[in-house]
Amino acid sequence: NEAEPLEGNKAIVIGSGPIRIAQGIEFDYCSVHSAWALQESGYKAIMINSNPETVSTDFDTSDRLYFEALDEESLRDILENEGGASDAPPSIVQFGGQTAINLAEPLFRSGMPLLGSSAEAIDLAEDRRRFENFLSELGVPQPPGAGVTSVDEALSVAKLIGYPVLVRPSYVLGGRAMEIVHDDSELSRYMKLAMELDTKHPVLIDKYLEGKEVEVDAV
């Protein structure tokens, strides 16, 4: 074994992989600062990432770098190497963009510890139907709409709230696969493609509100 387990307190930061839509360089920035924060808190930081063109994969960013694919199998092998099922170090998934976030549920299912946001909290925020219901329970205003899982459901919702509608899948960041739809034929086409890609999570259909868009980022 060329990578003997690190001794002492340690935690894993799951990086963002290749830079693309919904996986911007800001997630690498967050991953790097997560590793540094762990070190400042007395933990050894273990970085897992597969993109050589990022700061997170520099040799001096973390205490150990695993240059491996960001998938369930690779992650499980690393966790077993660093501690096994009974003593695996906790993993941080919330700073690596959608790629890392998608690994929260497999980690939770395998009984591996997460540091920070739980798999349940992530699913509540990412599953469009659950998040819509959560906002309704809190009394937070939102555009009229609903989460749907079939073409018929989608057409019924669009008929109820009126076109144009904004459609977007669950478990995506950065507006990926989001569209403004103006009629039944466009909506049917979108839903058929969406269901081919993901049959597990709902598509959210909202009334499209025309006007000025304002975005605020806070750190």
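This is a predicted model: local features need pLDDT of at least 70, side-chain atom pairs count only at pLDDT 80 or more; totals for chains, interfaces and linings use all residues.
Q: What order do the four strands take in the open sheet?
A: The order is 3-2-1-4, and the pairing is parallel.

Q: OK, and which ones are the edge strands?
A: Strand 3 (64–67) and strand 4 (91–92), since each of these pairs on one side only.

Q: Let's look at strand 1 then. How many bridges join it to strand 2?
A: Five, with the two strands running parallel. Within that pairing, Val-13 has Met-47 of strand 2 as its bridge partner.

Q: And how many bridges join strand 1 to strand 4?
A: Two bridges join strand 1, residues 10–14, to strand 4, again in parallel.

Q: Which residue in strand 4 stands opposite Ile-12?
A: That's Ser-91.

Q: Switching to side chains: which way do the residues of strand 1 point?
A: Lys-10, Ile-12 and Ile-14 go one way, while Ala-11 and Val-13 go the other way.

Q: Are those residues buried or exposed?
A: Buried, on both sides, and that includes Lys-10. Five of the five residues in strand 1 are buried, so by the under 20% relative accessible area cut-off the strand is mostly covered.

How values were computed. Residues are numbered from 1 along each chain as its sequence is written. Side-chain values use heavy atoms; hydrogens and water are left out. Two strands pair if DSSP finds at least two bridges between them. Buried means under 20% relative accessible area, exposed over 50%, partly exposed in between (1.4 Å probe, protein chains only).
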